[in-house]
Amino acid sequence: MVGRIPIVDVHPLVHEGARPAKAAEGEAQPIRATVFREGHDQLGAEVVLIEPDGSRAAPVRMREIARGTDRYEAWVTPGAPGDAAFEVRAYADPLATWLHDAEIKIRAGIDVELMFLEARILLDRVAAEYGPSDALAAARAAAIDEARPAEARLAALTAPEVRRAFRDQPLRDLLTVAGPFPLQVDRERALVGAWYEFFPRSEGARRGADGRVESGTFRTAQKSLARVVEMGFDVLYLPPVHPIGEVHRKGANNTLDPAPDDVGSPWAIGSRHGGHDAIHPDLGTLKDFDAFVKKATSLGLEVAMDFALQAAPDHPWVSEHPEFFTTRADGTIAYAENPPKKYQDIYPINFDNDPAGIFAEAERILRFWIARGIRIFRVDNPHTKPVAFWEWLLGRIRQTDPDVIFLSEAFTRPAMMHALGAAGFHQSYTYFTWRTEKGEIEDYLREVATASDHLLRPAFWPNTPDILHAFLQYGGPAAFRIRAALAALSSPTWGMYAGFELCEHVAVRPGSEEYLDSEKFQIRIRDWEGAAAAGRTIAPFIARLNALRREIPALRGLRDLRVHWSDDDHVLVFTKGHGDGTVIVVLNLDPHGARATTVHLDWQALGLPERFAVHEHLTGADWWWGEHNDVVLDPGREVAHVLTVRSAA
């Protein structure tokens with residue numbers, strides 16, 4: 001039902017308020033609504049944030065986004081994590097109405113004394129509600145002083161300090177409230193994080209005297225943690241660490257005829273050694289896993305585990321719970337397919353055969369690992385499972401462990417990605433990997449920052465074990481620096497898969513996005529120390545990017561990203577933040593050549609003067625910038641400028 005003063009098209013709402021919109025502790029976010037009323041009297045609108053403990057924050061005044069549109073906005077910052085909410089309130093604003101009418105009527109000589117009488121009455125109401133003040137007392141004295149010229153009395157009643165008092169101490173007539181509307185406030189890691197992915201079996205692996213590759217273990221992988229920390233990452237993501245199926249095991253490069261020594265894909269989970277609650281024996285024991293997590297935690301790293309609801313043909317589920325799977329007409333269990341791709345080593349779950357049993361087992365597995373200190377899960381292919389299942393499961397976990405974070409690995413249609421976000425996933429993989437041209441990058445940055453931000457939080461990954469984009473295959477080291485800079489500087493959460501810092505770029509065949517000798521199917525032995533000594537790594541550049549994310553608060557935000565302009569189709573410009581502290585990123589998207597162009601900033605939208613001082617963080621230079629600025633970026637030396645506004649001229 002429409003209120004006395006209509007409030008419509010409130011944002012952010014998910015499913016018309018049936019599900020909470022996304023928020024994070026300390027993250028400023030906009031609340032918008034269309035507010036209007038009959039006639040010509042002025043109105044006010046404000047947002048009241050309701051914290052998880054039920055307390056109400058002070059109202060934040062909404063401003064009309066563009067004059068005459070009736071579309072209002074206010075930015076609010078939630079505090080502690082939990083189930084919060086917000087209200088939008090609208091009211092008739094007699095003080096603003098008086099200011100509007102008085103400046104017209106008194107100067108025209110119309111109802112002069114009546115306008116001053118109304119001013120006195122309104123000022124008395126303000127004093128009664130908020131208490132006396134010197135500014136309003138002086139204004140009231142002018143309103144009743146008929147001996148003074150009308151213009152002088154009006155000047156006193158419209159002085160800047162009086163206008164501020166009228167704005168900050170409004171009289172709320174015909175108060176109308178819309179809401180409360182739910183907000184799910186998560187801990188900061190749900191919004192901000194730098195992720196690194198490695199396969200423990202490759203970390204510390206070596207070739208024995210007999211030529212055979214010996215698997216790395218959780219003990220040897222502990223030594224690799226220092227390398228991850230030195231690059232400034234916050235989260236270490238592990239692909240599945242469970243026993244790998246031996247039936248229909250895949251060989252190197254996804255072949256169907258494995259050699260006896262082939263180790264198989266970690267996503268083919270389960271064997272005679274156990275299932276989702278077991279550790280692959282080559283990696284060690286649960287005790288070794290616990291020690292690994294403890295060491296990572298001591299170094300400031302959160303460990304994220306893979307949660308893949310699927311099974312190898314020899315998973316214990318297949319014999320103990322055959323109802324979890326699909327039985328085909330010939331009596332065999334259906335393996336996974338994504339035509340033309342076939343995954344003979346994986347059986348997908350059928351959620352319609354025994355939903356209660358599957359739901360209970362999924363919750364049991366998660367709680368098993370949560371009890372061992374895991375608070376982040378990367379969920380494999382959630383779009384191939386019912387959305388209702390995720391809403392139930394993630395809701396169950398949130399009831400007891402609201403700090404546990406789930407990343408959705410769903411490269412699929414936008415409707416499904418948004419639905420998964422609404423169901424409770426905290427973060428989402430995105431189409432970033434395939435956005436390489438300037439125009440499509442600009443459009444995508446706008447989309448994730450302002451159009452879908454209430455539904456999903458983006459995680460930008462330049463590569464994964466599954467995806468080696470052609471841009472990286474043929475762009476050389478500059479391409480890797482470009483994609484890392486774009487991911488790290490534009491999204492609060494970004495990640496990369498091991499080998500990226502070595503610029504590994506060879507595909508299994510032309511036109512493919514699969515790595516040659518994919519680590520999904522075999523152990524990779526990398527000479528990290530030799531690469532560093534020979535300068536064949538961009539790890540120092542990665543470390544600098546992650547350091548900047550810690551040094552510059554604006555880089556940890558999502559919703560205040562603004563795209564600007566350059567005269568070159570290969571130079572991207574965007575900003576984060578507002579006023580002093582704004583960060584300006586200028587990025588050359590061409591890995592093959594230098595670009596010289598002029599960058600154009602919407603300085604007024606940023607709350608900046610026409611001329612302001614900036615500091616360039618990658619070179620240490622200090623410049624003066626303004627609306628139009630000339631830049632030269634040679635990818636052989638610099639792929640980007642990262643500037644913060646230091647002061648106005």
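Buried residues are those under 20% relative accessible area, exposed residues those over 50%, and partly exposed residues those in between, with a 1.4 Å probe and protein chains only. The structure is a predicted model, in which local features need pLDDT of at least 70 and side-chain atom pairs count only at pLDDT 80 or more, while totals for chains, interfaces and linings use all residues. Residues are numbered from 1 along each chain as its sequence is written, and side-chain values use heavy atoms, with hydrogens and water left out.

Helices (H or I, at least four residues) and strands (E, at least two) are taken as DSSP runs and numbered from the N terminus. On this basis the chain holds 17 helices and 32 strands. Along the principal axes, the C-alpha atoms fill a box of roughly 110 × 60 × 45 Å. Of the 649 residues, 55% count as buried. With contact defined as heavy atoms within 4.5 Å, residues 24 or more positions apart account for 76% of the contacts in the chain with a separation of 6 or more.

Helix H12 spans residues 414-423, and its buried residues are Met416, Met417, Leu420, Gly421, Ala422 and Ala423. These buried residues pack against strand S2 (21-24), helix H11 (387-400), strand S20 (405-409) and strand S21 (427-429). Glycine 424 follows H12 and has a positive phi, near 135°. In S2, Ala21 and Ala23 point one way and Lys22 and Ala24 the other way, and all are buried. S2 runs parallel to strand S9 (residues 173-186), to which four bridges join it. Within this pairing, alanine 23 stands opposite valine 185 in S9.

Strands of a sheet pair through backbone hydrogen bonds, either parallel or antiparallel. Two strands are treated as paired if DSSP finds at least two bridges between them. An open sheet of four strands has the order S1-S3-S7-S6, and its pairing is antiparallel. Strands S1 (7-11) and S6 (63-64) stand at the edges with a single partner strand each, so one side of each is left without a neighbour in the sheet. S1 and strand S3 (residues 29-35) run antiparallel and are joined by three bridges. The bridge partner of valine 8 in S3 is threonine 34.

Valine 162 has 1% relative accessibility and counts as buried. Leaving aside neighbours within four places in sequence, valine 162 is in contact with Ala135, Leu136, Ala139, Ala156 and Leu157. Valine 162 and proline 540 are 378 residues apart in sequence, and their C-alpha atoms are 55 Å apart in space.

Charged groups were examined next. Lys and Arg count as positive and Asp and Glu as negative, whereas His and the chain ends are not counted. The place of a charge is taken as NZ of Lys, CZ of Arg, CG of Asp or CD of Glu. The mean positions of the 71 positive and 92 negative charges are 2 Å apart.

A salt bridge is a side-chain nitrogen of Lys or Arg within 4 Å of a carboxyl oxygen of Asp or Glu, and the count by this rule comes to 52. Aspartate 234 forms a salt bridge with arginine 550, with the closest N and O atoms 2.5 Å apart. Aspartate 234 lies in the loop between helix H7 (225-230) and strand S13 (235-238) and arginine 550 in helix H17 (residues 539-551), so the pair ties together parts that are 316 residues apart in sequence. Aspartate 234 is buried, at a relative accessible area of 11%, whereas arginine 550 is partly exposed, at 47%.

Aspartate 124 and arginine 140 also form a salt bridge, with the closest N and O atoms 2.6 Å apart. Aspartate 124 belongs to helix H2 (residues 112-130) and arginine 140 to helix H3 (residues 134-144), 16 residues apart. Within helix H10 (residues 355-370), glutamate 361 and arginine 364 lie three residues apart, about one turn of the helix. Their side chains meet in a salt bridge of 2.9 Å, N to O. Glutamate 361 counts as buried at 15% relative accessibility, while arginine 364 counts as partly exposed at 36%. A network of salt bridges links Glu363, Arg367, Arg375, Arg396, Asp401 and Asp403.
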